Structures are given as C-alpha cells and as structure tokens.
Amino acid sequence: MADKKVLMLYYSRSGTTRKVAEAIAALLGCDVEEILDRKDRSGVTGYLVSLKDSALRKPAEIEPVRRDPADYDLVVIGTPVWGFSVCGPVRTYLVQHEGRLGEVAFFCTRMLLGARRAMRHMAELCGGQPRAVLALRMGEVSKGDPRGKIQAFVEALRG
Ligand SMILES: Cc1cc2nc3c(=O)[nH]c(=O)nc-3n(C[C@H](O)[C@H](O)[C@H](O)COP(=O)(O)O)c2cc1C
C-alpha cells in the first residue's frame, strides 16, 4: 500500500460518512477530497429537498474538485445512501469523471436499507467492480464501534 497512491473521495450531508472517511483516511494515510454541493442541504428543509432530488434522480451541482482521480492507483469513494442508491453529489462526480477512475473501492453509510443497491449503482457508474466494499449503519457510526469493520476494509485494500 505504501507504494500505491490512494485518494479518499466522499460526500457527507450530516457528518456520518465524513467520520468514516476520516477514520479510513487516517489508517491509509491518503489524500482526501470532500465533494461539496452547491445546494444548501442542511436542516429539515435540506433533508426534504435532498429526498425530492434523490426520488427524481436530479443531478447535483458540485464545486470543482482539486485532485484528478486519474493520478491515483486507487480511489476510495464514500457516499450516504439516498433513495436506495448513491447520493446525488457522488453520482454527479462519477458522471463527470467517467473513464478517469482506475481501481476503486466503495463505502456507504445508511439508516437501514439500500447499501447493496447503492454499491451496484456506483460500480455501474465507475464501469468496474470495487476492490472492497464497506457498508455501515448510521447508528453503528454514531453510537457503536465500527473500528473492526473499518480495519477489515482497510486490510482488504492493502491485501
Ligand atoms: C435524501 C436522503 C435519502 C436517504 N435515503 C436512505 C435510504 O434509501 N436508505 C437508508 O437506509 N437511509 C437513507 N437515508 C439516510 C442516510 O443514508 C444516513 O443517515 C447516512 O448515514 C447519512 O450520511 P451523512 O451524515 O454522511 O450525510 C437518506 C438520507 C437522506 C438525506
């Protein structure tokens, strides 16, 4: 892994996916890029707007990113599950960077359901299968101890 260039790329509306991204990035010692949405999705209004956008599969408008994923050997992509799929901002990023991602790995956080479908949609958008995947529930991240699962995911990336 030390000889591999790794990029951590994620979106987080309310901080759960960010927590996981930071824990993984700390173990990998990799570059990190947070996808920033131009729309204010905070609070209850932001939640409802996001629900509507995800139901309509409306593309998000995201800020330009600083790093080119094509410069990396492995890109680890994290998303919250929205409407049983990948969230709008990550979807937009993957569409914008079609053909520029080499090896990928995915992780997601969700309330309850939709992780497998979200991962499948990410693989379709990336045009390739992930090296490893990690799906965590929100409660596991906020109240539980996800360190074992995060460690196993990192080991799978290193292996
Ligand atoms: C617009 C929207 C849609 C969501 N859809 C789902 C869903 O389909 N399944 C699920 O289990 N959780 C769903 N959730 C809950 C989030 O996936 C979960 O709270 C996630 O951990 C939030 O991550 P974040 O704090 O990084 O934004 C949804 C949340 C939002 C805002």
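Which residue forms a salt bridge with Asp-68, and how far apart are the closest N and O atoms? In this model, which is a predicted one, the partner of Asp-68 is Arg-100, and the closest N and O atoms of the two are 2.5 Å apart. Asp-68 sits in the loop between H2 and E3, while Arg-100 sits in the loop between helix H3 (88–96) and strand E5 (103–110), so this pair ties together parts that are 32 residues apart in sequence. As for how open these two are, Asp-68 is partly exposed, with a relative accessible area of 26%, and Arg-100 also counts as partly exposed, at 38% relative accessibility.

Let me now step back to the salt bridges in general. A search of the whole structure finds 14 of them, and I would like to take you through two others.

One is between Asp-31 and Arg-67, where the closest N and O atoms are 3.7 Å apart. This pair links distant parts of the chain, with Asp-31 in strand E2 (residues 31–34) and Arg-67 in the loop between H2 and E3, 36 residues apart. Asp-31 counts as partly exposed because its relative accessibility is 30%, and Arg-67 counts as partly exposed because its value is 25%.

The other joins the side chains of Arg-41 and Asp-53, with a distance of 3.1 Å from N to O. Here Arg-41 belongs to the loop between E2 and H2 and Asp-53 belongs to helix H2, so the pair ties together parts that are 12 residues apart in sequence. Are these two residues buried or exposed? Both Arg-41 and Asp-53 are buried. They also belong to a network, in which salt bridges that share partners join Asp-37, Lys-39, Arg-41 and Asp-53.

Finally, I turn to the backbone. Most residues other than glycine have a negative phi, and with that in mind I would point you to two residues.

For Arg-57, phi is near 55 degrees, a positive value in a residue other than glycine. Arg-57 is found in the loop between helix H2 (43–56) and strand E3 (74–82), and its relative accessibility of 33% is why Arg-57 counts as partly exposed.

For Phe-84, phi is near 60 degrees, again a positive value in a residue other than glycine. Phe-84 lies in the loop between E3 and strand E4 (85–86), and it counts as partly exposed because its relative accessibility is 45%.

Methods
Residues are numbered from 1 along each chain as its sequence is written. This is a predicted model: local features need pLDDT of at least 70, side-chain atom pairs count only at pLDDT 80 or more; totals for chains, interfaces and linings use all residues. Side-chain values use heavy atoms; hydrogens and water are left out. Helices (H or I, at least four residues) and strands (E, at least two) are DSSP runs, numbered from the N terminus. Buried means under 20% relative accessible area, exposed over 50%, partly exposed in between (1.4 Å probe, protein chains only). A salt bridge is a side-chain nitrogen of Lys or Arg within 4 Å of a carboxyl oxygen of Asp or Glu.
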